[in-house]
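Here are a few friendly notes to read alongside the model. Take them one at a time and look up each residue as you go.

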Amino acid sequence: MDQATLADLIDGKLPWHQLKEVLSGTKDIDRFDLYLEVMQSRVAFPEKILLPLAEHLYVVSSGDGRRLVKCDCGYEFGPLERNWKESAAVLVRDSEELLEEIYDPWHRCDPAWMELREFYCPGCWSLLELEAVPPGYPVIFDFRPDIDTFYREYLGREPE
Ligand SMILES: [Zn+2]
């Protein structure tokens, strides 16, 4: 698979006949590296992407051995070990007034039982994550990948 085809796949622009071929075909051994190249070409920061973390978010190498979470706009959320949500802008929809902004009465939760937490990037205001949790529930730490094991075990090399 070439870079342009992979970019179309990422953007959901691949025609069905090609998509079907990709889905059912043998995966290229270098697909992950090609994916990182495409994503690196799209972000507004120079640090090397080690792993995509979520839509808009990446684990990057700081260059001095630290691993950081960054948004594609360049906003830095801090070290990978810390929950990036602590550095996000948050809107908690915990009242009828805030819920009715986006949901009609028959399709929204009861704020006494559940609240919606919207996490935004303070740099570009992209919606990054949504939690639907009981009021008072701790902020969820979604995913902390083991970068070293992933690179060693699955890619057969050391991460940068
Ligand atoms: Zn951003």
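1. A residue counts as buried at under 20% relative accessible area, exposed at over 50%, and partly exposed in between (1.4 Å probe, protein chains only). By that rule R117 is buried, with a relative accessible area of 6%.

2. This is a predicted model, in which local features need pLDDT of at least 70 and side-chain atom pairs count only at pLDDT 80 or more, while totals for chains, interfaces and linings use all residues. Residues are numbered from 1 along each chain as its sequence is written, and side-chain values use heavy atoms, leaving out hydrogens and water.

3. Now follow R117 to its partners. A salt bridge here is a side-chain nitrogen of Lys or Arg within 4 Å of a carboxyl oxygen of Asp or Glu. R117 makes one with E115 (2.9 Å, N to O) and one with E131, where the closest N and O atoms are 3.0 Å apart. Shared partners join K85, E115, R117, E131 and D142 into one network. E115 is buried at 9%, and E131 is buried at 3%.

4. Which residue forms a salt bridge with D148? The partner is R67, with the closest N and O atoms 3.0 Å apart. D148 is partly exposed at 25%, whereas R67 is buried at 18%.

5. Finally, visit the zinc ion. C71, C73, C121 and C124 coordinate the zinc ion through their SG atoms at 2.2 to 2.3 Å; donors are N, O and S atoms within 2.8 Å of the metal (3.2 Å for Na, K and Ca). C71 is buried at 0%, while C73 is partly exposed at 29%.
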